[in-house]
Amino acid sequence: MNRSCAIIALLLLSCFVMPATAVIETYEFSNEELEQRYQHLSAELRCPKCQNQNIADSNAPIAQDLRKRLYQQLEGGASDSEILDYMVARYGEFVLYRPRFSGATAVLWLAPVLLLLAAIVLALLVLRRRKDSGGRDDSELSAAEQQRLHTLLDESESGS
Amino acid sequence: MGPRLKLFIPLILFAVLALFLLRGLELDPREMPSALIDRPLPEFTLPSLGSDTLVNREAVIGEVALFNVWATWCVSCRVEHPYLNQLTQQGVPIYGVNYKDEDQDALRWLQELGNPYRLNIVDADGSLGLDLGVYGAPETYLVDAGGVIRYRHVGVVDERVWRDILQPLYQELLEERMP
């Protein structure tokens, strides 16, 4: 009885526990467009410390700093590409969730297309070879095969 | 290709995949090359720890030196500190970048643990850190006599890191300066 009371009390108490929400600062933007660009860019930029989060989601100190810098730059009138250049100059291509096309990232960007093309070519080759091998249904036997079947059947019959 | 050989295709694919995965096990995703390698140390004008003077880039370049980004809230920095003291005794110039820290805490730390730094740049809001591409202390930059960043080490500098990585580069840069 006592124990169940304690459990119930605990459960009730747990309802009052404050969820440990990350405090993400809010910025006042001078216009709506800037705010949208802020949302967009902070989702595109990757947090250098916590590598699988963008800076919008991360509460790492470095992500806070980058958000602050992003805000300052937006309010300062920088264009999207200027801001991205600024971040890349400091943290490398790594900060972009969509790395730019360059010699180093060419494989990354082209591989899916190349693989798809390779798959299509392979499929066409296989299909054509199947066609070339007679263009007939494999379940039907050719004359020569019929002949051989008969001989085999005859053999086995005469053998038994 | 004979039908026999075709049977080996899955095995070959598996071997290739296994090789890539094996390589992946050894790679540390946190070890990123700095974007500032072979680029000049960023411009700054910031207070010097424990004095009222401002320091700028020109005040700290001119010889091959280490720039150590540290803070009192950084646990690994405490681990690293005794080795920095040793390096200073060996005559290696080390400048500190006191990154997002409280001056009082930093001064107390230096008093207690010794001061290996020529001087400390107070980077209270992390702006120099951001220009350097710092994403967590401790980080150590090797800067040549011309003020160009030549190497960045993320994490603790200990005897092994110094002997295997930093010292050879350091010597190389010293000799580069001689002629």
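1. Apart from neighbours within four places in sequence, B:Tyr99 is in contact with B:Val69, B:Trp70, B:Ala71, B:Asp123, B:Gly126, B:Gly129, B:Val134 and B:Ala137. Two residues are in contact if their C-beta atoms, placed from the backbone, lie within 7 Å.

2. The model is predicted: local features need pLDDT of at least 70, side-chain atom pairs count only at pLDDT 80 or more, and totals for chains, interfaces and linings use all residues. Residues are numbered from 1 along each chain as its sequence is written, while chains are lettered from A and ligands numbered from 1 in the order in which they are written.

3. B:Tyr99 also belongs to the largest nonpolar core, which has 45 residues; B:Phe67, B:Tyr99, B:Tyr141 and B:Val143 have the most contacts inside it. A nonpolar core is a set of buried Ala, Val, Leu, Ile, Met, Phe, Trp, Tyr and Cys residues joined through C-beta atoms within 7 Å. A residue is buried if 20 or more other C-beta atoms lie within 10 Å of its own, exposed if 12 or fewer, and partly exposed in between.

4. Strand S3 of chain B (residues 65-70) is largely enclosed by the rest of the structure, because six of its six residues are buried. B:Ala65, B:Phe67 and B:Val69 point one way from this strand, and B:Leu66, B:Asn68 and B:Trp70 point the other way. Helices (H or I, at least four residues) and strands (E, at least two) are DSSP runs, numbered from the N terminus.

5. Chain A has six helices and zero strands. Buried residues make up 12% of its 160 residues.

6. Between the chains, 13 residues of chain A are in contact with 11 residues of chain B. On the chain A side, helix H3 (61-75) and helix H4 (80-91) are the elements that give two or more residues.
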